[in-house]
Amino acid sequence: MGGSGSTAFGRPREFDIDEALECAMQVFWARGYDGTSLTDLTGAMGITKSSMYAAFGNKEQLFRKAVKRYAEGPASYATRALHEPTARGVAEAFLRGAVRTTTSPGAPAGCLSVQGALALSEQGRPAHDVLVDWRNDAGVRLEERFRRAVDEGDLGPDADPRRLARFVMTMGFGIAVQAANGLGTAELDEIAATALLAWPGQHPRTS
């Protein structure tokens, strides 16, 4: 009858929303958006398709929630790095964080932002846009932090905050690609250390 749908939606959920979303995030992280089917998702989450739709919406909506969870969880190093006292410290924390996240035991190798966008079809365009927006936002926040470093005298007046932000982002995602290719933590830490050799020196203000 007409009330059956509302009854189904009104019942207590028979699964843990948080755990299910964590499983979905892991699948998207490992297989990318296009490489993940609804069967992959429901199998990993341990729920039916109807339960998935009721709790999370369609695949695209679930992907958006998974990306948000990833940004606030495994990739939260990017936000924490902004609070380092120096611009070089920000860059180092970002790159070291990328190494730790992309080589974390028990988690897929690489970065969801990179893996998620592999071989995206036209149907996956919204997922592509979600990832582009996320990466662009991270770049903007780094640029703003480095601009502040220039204002504070931590970086010299000739430093280019946008170029530095793009450099750090490029190295961070390069680390993710190399992690997906099989490089381990020690090797990626060496890459991060090499990248930091190019960092401009501090320029304290003089009175």
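Visitor: At what relative accessibility does D18 count as partly exposed?

Guide: This is a predicted model, where local features need pLDDT of at least 70 and side-chain atom pairs 80 or more, while totals for chains, interfaces and linings use all residues. Residues are numbered from 1 along each chain as its sequence is written, and side-chain values use heavy atoms, leaving out hydrogens and water. Buried means under 20% relative accessible area, exposed over 50% and partly exposed in between, with a 1.4 Å probe and protein chains only. D18 falls in the middle class, at 45%.

Visitor: Which residue meets D18 in a salt bridge?

Guide: A salt bridge is a side-chain nitrogen of Lys or Arg within 4 Å of a carboxyl oxygen of Asp or Glu. D18 has such a partner at 2.7 Å, N to O, and the partner is R69.

Visitor: How many residues apart are R69 and D18?

Guide: Helices here are DSSP runs (H or I, at least four residues), numbered from the N terminus. R69 belongs to helix 5, residues 59-72, and D18 to helix 2, residues 17-31. The pair links distant parts of the chain, and its separation is 51 residues.

Visitor: What is the N to O distance in the salt bridge between R69 and E22?

Guide: In this bridge, the side chain of R69 meets that of E22 at 2.8 Å. Here too distant parts of the chain are linked, with R69 in helix 5 and E22 in helix 2, 47 residues apart. E22 is partly exposed, its relative accessible area being 27%. The N to O distance asked for is 2.8 Å.

Visitor: Which helix holds both D129 and R125?

Guide: These two residues form a salt bridge, with their closest N and O atoms 3.5 Å apart. D129 is partly exposed at 32% relative accessible area, and R125 is partly exposed at 43%. They sit 4 residues apart, about one turn of the helix, and both lie in helix 9.

Visitor: What percentage of the chain over residues 37-56 is helix?

Guide: UniProt, in an unreviewed entry, places the feature "DNA-binding region" at these residues, and such annotations may be inferred rather than shown by experiment. The end C-alpha atoms of this stretch are 15 Å apart.

Terms used. Helix = DSSP H or I, 4+ residues; strand = E, 2+ residues; numbered from the N terminus.
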